Amino acid sequence: QVQLVESGGGLVQAGGSLRLSCAASGGILSFYVMGWYRQAPGKQRESVAVITSEGNTDYAGSVKGRFTISRDIAGNTVFLQMDSVKPEDTAVYYCAAVHTGGTYWGQGTQVTVSS
């Protein structure tokens with residue numbers, strides 16, 4: 001019954017910006033942890049950024065200083081502001097959320113960065 005839907009992906013030129021969003025539904029007021037993960041062609045899925053219900057954040061070293069994760073508690077929505085994007089950021093980005101009932105995943109949204 002828990003659903004996560006990502007949006008905001010697309011094609012962007014290197015050095016540009018994108019803002020991803022993930023809307024959660026299913027009757028849950030808030031999640032303990034929400035985050036963004038990505039999977040590039042030929043690579044394993046990796047953590048990009050996570051944020052706790054207390055607002056604590058953690059970022060992958062490759063995106064520190066360029067990406068910012070935030071959440072809208074009222075709407076149970078998490079965002080990923082992507083600035084100064086690089087071709088290496090090209091991947092399918094997935095939203096994830098952790099609650100008492102388990103970990104839930106979105107369907108993913110494609111981000112492609114052109115050089």
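Predicted model: local features only at pLDDT ≥ 70, side-chain atom pairs only at ≥ 80, totals over all residues.
Residues are numbered from 1 along each chain as its sequence is written, and side-chain values use heavy atoms, with hydrogens and water left out.

The protein chain has eleven strands and zero helices; here helices (H or I, at least four residues) and strands (E, at least two) are DSSP runs, numbered from the N terminus. The C-alpha atoms fill a box of roughly 40 × 25 × 20 Å along the principal axes. A compact globule of 115 residues would have a radius of gyration near 13 Å, and the value for the protein chain, 13 Å, agrees. That radius is taken over C-alpha atoms, and the globule rule is 2.2 Å times the number of residues to the power 0.38. The accessible surface comes to about 6,000 Å², and carbon and sulfur atoms hold 49% of this surface; such areas come from the Shrake-Rupley method with a 1.4 Å probe, and for residues only the protein chains shown count as cover. Of the 115 residues, 40% are buried, where buried means under 20% relative accessible area, exposed over 50%, and partly exposed in between (1.4 Å probe, protein chains only). Among contacts (heavy atoms within 4.5 Å) with a separation of 6 or more, 53% are between residues 24 or more positions apart.

Strand pairing comes next; two strands pair if DSSP finds at least two bridges between them. Strands β4 and β5 run antiparallel and are joined by six bridges, with tryptophan 36 opposite alanine 49 in β5. These two strands form a hairpin with six residues between them, and glycine 42 in the turn has a positive phi of about 75°. Strand β4 also pairs with β9, in the antiparallel sense, over seven bridges. Arginine 38 has tyrosine 93 in β9 as its bridge partner.

The largest nonpolar core has 28 residues, and those with the most contacts inside it are Trp36, Leu80, Met82 and Tyr93. A nonpolar core is a set of buried Ala, Val, Leu, Ile, Met, Phe, Trp, Tyr and Cys residues joined through side-chain atoms within 4.5 Å. Two or more residues come from each of β3, β4 (33–39), β5 (46–52), β7 (67–72), β8 (77–82), β9 and β11 (109–114). Methionine 82 belongs to strand β8 and is buried, its relative accessible area being 0%. Beyond its neighbours within four places in sequence, methionine 82 is in contact with residues including Leu18, Leu20, Phe67, Tyr93 and Val111. Threonine 77 is also placed in strand β8 and is buried, with a relative accessible area of 12%. Leaving aside neighbours within four places in sequence, the contacts of threonine 77 are Ser21, Cys22, Ala23, Ser70, Arg71 and Asp72.

One disulfide is present in the structure, a disulfide being a pair of cysteine sulfur atoms within 2.5 Å. Cysteine 22 and cysteine 95 form this bond, with their sulfur atoms 2.1 Å apart. The pair links distant parts of the chain, since cysteine 22 lies in strand β3 (residues 18–25) and cysteine 95 in strand β9 (residues 91–99), 73 residues apart. The torsion about the S-S bond is about -80°, so the disulfide is left-handed. Both cysteine 22 and cysteine 95 are buried.
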